[in-house]
Amino acid sequence: MQTVEKQRGIGKYLIVYLCMLVISAIEVAIAYRHIDGVQMVAQMMALVILSAGLGIMFFMNLAMEKRSMIIAAAIFALFVLGTINYGWTDSFRLVSGAPFSTYH
Amino acid sequence: MSQADLTMGHHVPEMEPSPFAIPAKKLAMWLFIISDVMTFAACMIAYGFLRNFTSDWPRPFHSSTVVSVMVMTFILVSSSLTMVLAIRAAKSDDRAGAFRWTLITMGAGVIFVILHLREWQGMIDKGVRMNANPWGSSLFGALYFSVTGLELLHVVAGLIALLIVGLGYRSRRYSSTDLENCNLFWQFINVVWMFVVPFVYLLNVAN
């Protein structure tokens, strides 16, 4: 039999929703700034991680789960972000020549 | 007394506690999301790799595209909120309310799909194909359609899941946990879109 839960207000969800929209607007503003590509990617990445983190913690209710699950999700997320950021920077290595590369 | 009871000698097998103390279905959905995240991560790695590696990568998106993408983002983020409200209603055993919010979420999803296809049509009209485009490297079209297409496929799958589970929840065939699992998948789609927008669209805004 399902337990009926008394629900709190939706204020928390509205705040997260507005934050995600504001973050998207900031990303658009950054896109139109004339800054270095690396800087732009770094700023976008920081905002994206913040936005995604809000969505995962509050809209996916991960913040309400057991701490062990939050830690497992955090480790996995760090692994994924690490591989993404390694993959992108690795492309520069190929362009400029890997160590012991035969191409110069 | 069942045959199983006789066989076990009246010992009732103890079930191990569920990892993270969540229902098995929910854990399965989280594991599926993790595997899907790896798929998208691989796509994003390939995209970033090839974008950096290609000297003539085009930056074709003008303000009209940016406005369209922002509208799509607004719709998808709003649908995330409405889905959360659906779960909130479901946890209060308000089946009618939960189904109503689920329908609104689905409506927003359908609008997102239409706008997305409209965006694709615009690109196709400009001459962008999987293997060619009028501006630069042919890889642009392949990566653009692949990454956004994978996202679109997930949105469509999410809409189908929401319809089936929403109707099932309203007819009491499914529980609020099942609707909550759909919510997890829907929120995951939104999180992926948060990554797709800046790296596929905003970083390729025309100078």
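A nonpolar core is a set of buried Ala, Val, Leu, Ile, Met, Phe, Trp, Tyr and Cys residues joined through C-beta atoms within 7 Å. A residue counts as buried if 20 or more other C-beta atoms lie within 10 Å of its own, as exposed if 12 or fewer do, and as partly exposed in between, with C-beta atoms placed from the backbone. The legends below describe a predicted model, in which local features need pLDDT of at least 70 and side-chain atom pairs count only at pLDDT 80 or more, while totals for chains, interfaces and linings use all residues. Residues are numbered from 1 along each chain as its sequence is written, and chains are lettered from A and ligands numbered from 1 in the order in which they are written.

**View 1. The largest nonpolar core has 68 residues.** Residues with the most contacts inside this core are Ala86(B), Leu179(B), Phe185(B), Val192(B), Phe195(B), Val196(B) and Phe199(B). Both chains contribute: H1 and H2 of chain A, together with helix H2 (24-53), H3, H4, H5 and H6 of chain B, each give two or more residues. H6(B) provides the largest share, 17 residues. Helices here (H or I, at least four residues) and strands (E, at least two) are DSSP runs, numbered from the N terminus. In soluble globular proteins, nonpolar side chains tend to be buried together.

**View 2. Leu179(B) and its partners.** Which residues does Leu179(B) contact, leaving aside its neighbours within four places in sequence? They are Ala86(B), Ile87(B), Ala90(B), Ala98(B), Val165(B), Tyr169(B) and Tyr174(B). Two residues are in contact if their C-beta atoms, placed from the backbone, lie within 7 Å.

**View 3. Helix H4 of chain B, residues 95-125.** At 1.5 Å a residue, the 31 residues of H4(B) should span 45 Å. The expected span is 1.5 Å times one less than the number of residues. The end C-alpha atoms of H4(B) are 45 Å apart, which agrees. Its buried residues are Ala98(B), Trp101(B), Thr102(B), Thr105(B), Met106(B), Ala108(B), Gly109(B), Phe112(B) and His116(B). These pack against helix H3 (63-91), helix H5 (139-170) and helix H6 (176-201) of chain B. An α-helix has 3.6 residues a turn, so residues three or four places apart point the same way. Just after H4(B), Gly127(B) takes a positive phi of about 100°.

**View 4. Chain B as a whole.** Chain B has six helices and zero strands. From the N terminus on, its elements run α-α-α-α-α-α. Its C-alpha atoms fill a box of roughly 75 × 35 × 25 Å, taken along the principal axes. The radius of gyration of chain B is 22 Å, whereas a compact globule of 207 residues would have one near 17 Å. That radius is taken over C-alpha atoms, and the globule rule is 2.2 Å times the number of residues to the power 0.38. Buried residues make up 37% of the 207 residues in chain B. Among its contacts between residues at least 6 apart in sequence, 75% join residues at least 24 apart.

**View 5. The contact between chain A and chain B.** Each side is counted in residues: 38 from chain A and 38 from chain B. On chain A, helix H1 (11-31), helix H2 (37-59) and helix H3 (67-96) each supply at least two residues of the side that touches chain B. H3(A) gives the largest share of that side, 12 residues. The residues of this side of chain A divide into 25 nonpolar, nine polar and four charged. Ala, Val, Leu, Ile, Met, Phe, Trp, Tyr, Cys and Pro count as nonpolar, Asp, Glu, Lys and Arg as charged, and the others, Gly among them, as polar.

**View 6. Chain A and its confidence.** Chain A has three helices and zero strands. Buried residues make up 16% of its 104 residues. The mean pLDDT of chain A is 81, and 75% of the residues score at least 70. pLDDT is the predictor's confidence in each residue, from 0 to 100. Among the elements of chain A, H1(A) has the highest mean pLDDT (94) and H3(A) the lowest (76). Ala25(A) is found in helix H1 of chain A. Ala25(A) is partly exposed, because 13 other C-beta atoms lie within 10 Å.

**View 7. Two loop residues with positive phi.** Asn61(A) is found in the loop between H2 and H3 of chain A. Its phi is near 60°. Asn61(A) is partly exposed, with 15 other C-beta atoms within 10 Å. Arg172(B) is found in the loop between H5 and H6 of chain B. Phi of Arg172(B) is near 65°. Is Arg172(B) buried or exposed? Arg172(B) counts as exposed, because it has 8 C-beta neighbours inside 10 Å. Most residues other than glycine have a negative phi.
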